[in-house]
Amino acid sequence: MSTATLMASSLAAAGASAAASRTRASVAIPSQRSVAGVSLRAPAARVNKISASRLVVTRAAADTEKASTSVAKPFEGIMEAKTSFPVSDNRSESFARTSHFSKSCEQAINEQINIEYNISYIYHAMYAYFARDNVYLPGLAKHFQHESGEEREHAELLMNYQIMRGGRVELQAIMPPQVDFDHPEKGDALYAFELSLSLEKLNNDRLLILHGVADEANDANMMDFIEGELLMDQVKSVQKVAEYVSALRRMGSKGDAVVALRPNDAQQGLDAAGNRRVRQMRAPPPATVEGEQLRQANA
């Protein structure tokens, strides 16, 4: 055999051996690849990573759809508000008025305003009567002056509420009151306070009617206003005047004992328990300096 033949056989055997080695390497490590001399394994975590990425994309798409839906709902609410509660272009109509504040509520408030003003007018006439020089019961005059102002404040309170709710205040006629309150049997003080008690009970009854009108209209705000601002004070006023009537009946219809009645807060007609009382006037002290000082202290 020649030298060329031997070299060819050797090269062929070496090539076959190298091919066999590459085959064994690919069979032994099927999941590895050689990149720049570094062996890498195709891990199962890569598959999980791809699945997680797809899950994140899916969730992001769902969140985007949910956000667009949540944005659409308030928009629908705004459109509904514009449709259900439109603002009138007519300046003669109130912009603040709501559907619960009905015409019946507006009319009932105007009637109550008229009642408050009428009672205030009567009390003012009583103040003028007891302030006369030939009658002159200053405690009673001051009491009825205070009561007149209080009833007028109630009327203004109702007027302000009417305006706040978008109603229109319509003042009505006031009846002229009587100017003399003397009574042949009861006397002027008892007669005036019995009339005052009747007026306070009438006012309480009218406030209950006003509350019923608000209840029928399902106006919770108006009912709360009447209960909190008017009814409680009215019940207290009825009790206060009833106590004065009781005290005057014990004193008698006429006589100097009527001067002992001091039914107003300015003259400190309250006892330690907070209940209103009637002070009894002491016997006049002798006409001395000490007596004058005592009279001033008791005044």
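Two rings of Phe, Tyr or Trp are taken as an aromatic pair if their centres lie within 6.5 Å, and a search of the whole structure, which is a predicted model, finds 7 such pairs.

**View 1. The stacked pair of Phe 130 and Phe 144.** These two rings are stacked, with 5.8 Å from centre to centre and 15 degrees between their planes. The pair links distant parts of the chain, since Phe 130 lies in helix α3 (residues 103-130) and Phe 144, 14 residues apart from it, in helix α4 (residues 138-164).

**View 2. Surroundings of Phe 130 and the largest nonpolar core.** Beyond its neighbours within four places in sequence, Phe 130 is in contact with residues including Val 135, Leu 140, Asp 188 and Ala 192. The largest nonpolar core has 25 residues, and among those that touch the most other members are Phe 130, Phe 144, Met 126 and Val 245. Helices α3, α4, α5 (188-216) and α6 each give two or more residues to this core, with the largest share, 8 residues, coming from α3. A second, separate core of 21 residues includes Cys 105, Ile 109, Tyr 161 and Leu 207.

**View 3. The contact of α4 with α6.** The axes of α4 and helix α6 (residues 220-251) come within 12 Å and cross at roughly 170 degrees, which means that α4 is roughly antiparallel to α6. Among the contacting residues are His 143, Glu 147 and Tyr 161 of α4, and Phe 225, Lys 240 and Tyr 244 of α6. By class, this contact comprises 7 nonpolar, 4 polar and 4 charged residues.

Methods. Residues numbered from 1 in each chain as written. Predicted model: local features only at pLDDT ≥ 70, side-chain atom pairs only at ≥ 80, totals over all residues. Heavy atoms only, no water. Phe/Tyr/Trp six-rings, centres within 6.5 Å; stacked < 30°, edge-to-face > 60°. Helix = DSSP H or I, 4+ residues; strand = E, 2+ residues; numbered from the N terminus. Axes fitted to C-alpha atoms, helices over the stretch in contact; angles between N-to-C directions. Parallel < 35°, antiparallel > 145°, perpendicular 65-115°, else oblique. Contact = heavy atoms within 4.5 Å. Nonpolar A, V, L, I, M, F, W, Y, C, P; charged D, E, K, R; others polar. Core = buried A, V, L, I, M, F, W, Y, C linked by side-chain atoms within 4.5 Å. Buried < 20%, exposed > 50% of the residue type's maximum accessible area, 1.4 Å probe, protein only.
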